[in-house]
Amino acid sequence: MEALGATMLLQYGFSNAFWALFVVAFIIILTSWPIAHYAARYNVDIDLLTRGAGFGYIGSVITSVIYASFTFIFFAFEAAIMALALELGLGIPLSLGYLLCALVILPLVIKGIGFINKVQAITQPLWLLLLLLPWGFVLFQHPGLIDEVAQIEGTKSQTSEFNLLYFGASGTVLFALITQIGEQVDYLRFLPNQKCIKKQWNLAVFLGGPGWVLVAFIKILMGMLLMVLALEFLVPSNQLVNPNYLYWVAYQHVVAHPTLALVLTVCFVCIAQIKINVTNAYAGSLAWSNVFARMTHSHPGRVVWLVFNIFIALLLMELGLIHAVEHILGLYSNVALAWIGAIVADLVVCKPLGLSPKGIEFRRAYLYDINPVGVGSL
């Protein structure tokens with residue numbers, strides 16, 4: 001998120017980046033909420049929800065590939081950031097770092113969602129501490145930082161003023177995040193049924209579903225602030241969107257010794273990227289399993305597809321995906337929006353009007369192989 005915020009600010013200037021962030025976050029909340037609600041209510045993942053919401057049994061294979069692409073693209077981004085941290089802090093060559101950062105995820109994911117939950121719970125306090133630690137120091141020592149961000153001109157826009165074209169370009173990058181609701185649903189589908197107070201259940205669905213956008217909004221803004229701070233520290237222009245350098249600068253406001261600040265940065269980045277990538281790997285293994293089980297009628301096991309997904313991500317890292325963030329996400333977001341938009345249309349338009357079944361019917365015998373409603377919309 002911080003890397004995306006820094007990239008948008010650097011390329012398109014503050015006004016375009018901020019308003020794109022605001023609009024995209026608002027739209028993602030609106031689209032994610034009904035998906036989260038139906039997934040939690042019927043205890044289904046994004047694949048079962050998709051095939052029961054207008055796509056059909058075979059038609060949802062297309063969207064499973066879209067979802068799997070999301071998981072390995074972001075796995076590659078996150079692992080590449082971690083590899084850059086290992087190179088910066090320990091001098092490990094990038095190609096070897098990519099391999100290490102991919103392989104370390106395997107044993108954490110093989111045991112499934114129960115073990116992943118334990119990993120998330122154990123690492124959460126340390127991650128939160130390291131995330132928030134530098135900000136009191138940074139804002140105390142640089143009280144004018146927020147005002148400085150608003151003056152930043154983009155390298156492409158050449159102005160800090162609002163421009164519809166560059167606003168759209170900023171939004172295109174961010175819209176790739178709309179598919180994150182699929183990973184949220186991988187946890188939300190285990191939410192107990194609506195036996196407790198309804199308000200509590202709805203709050204849990206919101207926080208576990210669209211609520212992730214609120215955290216993302218703050219973290220993307222943090223990335224913008226850190227980029228301006230890095231500019232003042234004369235960080236090389238080619239590293240201004242590298243979150244390792246951004247947090248290294250931030251931690252140097254906490255501890256005076258650059259080496260100790262670098263140690264804190266590497267620890268923080270490694271914990272954060274592992275927390276993210278266990279979910280990316282798990283979700284990707286489920287998506288590929290759904291694709292090939294439906295296409296080939298064979299199911300060799302989730303672990304096979306876990307290795308397959310991580311291998312694709314490793315290949316993307318070795319090919320230099322980290323250097324093409326804007327282009328990759330800009331292309332992907334168009335497909336992601338089409339898929340999520342079609343699901344939401346079924347849930348919030350077709351179901352209330354009685355144009356589709358009220359519940360989520362995902363059993364094969366009751367579905368079209370390819371439902372032209374969802375697939376046609378996509």
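Ala, Val, Leu, Ile, Met, Phe, Trp, Tyr, Cys and Pro are counted here as nonpolar, Asp, Glu, Lys and Arg as charged, and the others, Gly among them, as polar. The model is predicted, with local features needing pLDDT of at least 70, side-chain atom pairs counting only at pLDDT 80 or more, and totals for chains, interfaces and linings using all residues. Residues are numbered from 1 along each chain as its sequence is written, and side-chain values use heavy atoms, leaving out hydrogens and water.

**View 1. Cavities in the whole structure.** A search finds two cavities of 30 Å³ or more. A cavity is a set of points, on a 1 Å grid over the protein atoms alone, where a 1.4 Å probe fits but cannot get out; lining residues have an atom within 4 Å of a point. Points are joined across faces, edges and corners, and a volume is the space filled by probe spheres set on them.

**View 2. The largest cavity, of about 70 Å³**. Its lining has 11 nonpolar, no polar and no charged residues, including Leu-21, Ile-28, Leu-174, Trp-212 and Phe-217. Helices H2 (14-42) and H12 (212-232) each supply at least two lining residues; H12 has the largest share, five. Helices are DSSP runs (H or I, at least four residues), numbered from the N terminus.

**View 3. The second largest cavity, of about 40 Å³**. Asp-45, Ile-46, Asp-47, Tyr-67, Asp-186, Ala-283, Leu-286, Ala-287 and Asn-290 form the lining. Helices H3 (46-55) and H14 (258-296) are the elements giving two or more of these residues, and H14 gives the most, four. By class, five are nonpolar, one is polar and three are charged.

Key
On a 1 Å grid over the protein atoms alone, a cavity is a set of points where a 1.4 Å probe fits but cannot get out, and a pocket is an open set with protein on both sides within 12 Å along at least five of seven lines; lining residues have an atom within 4 Å of a point.
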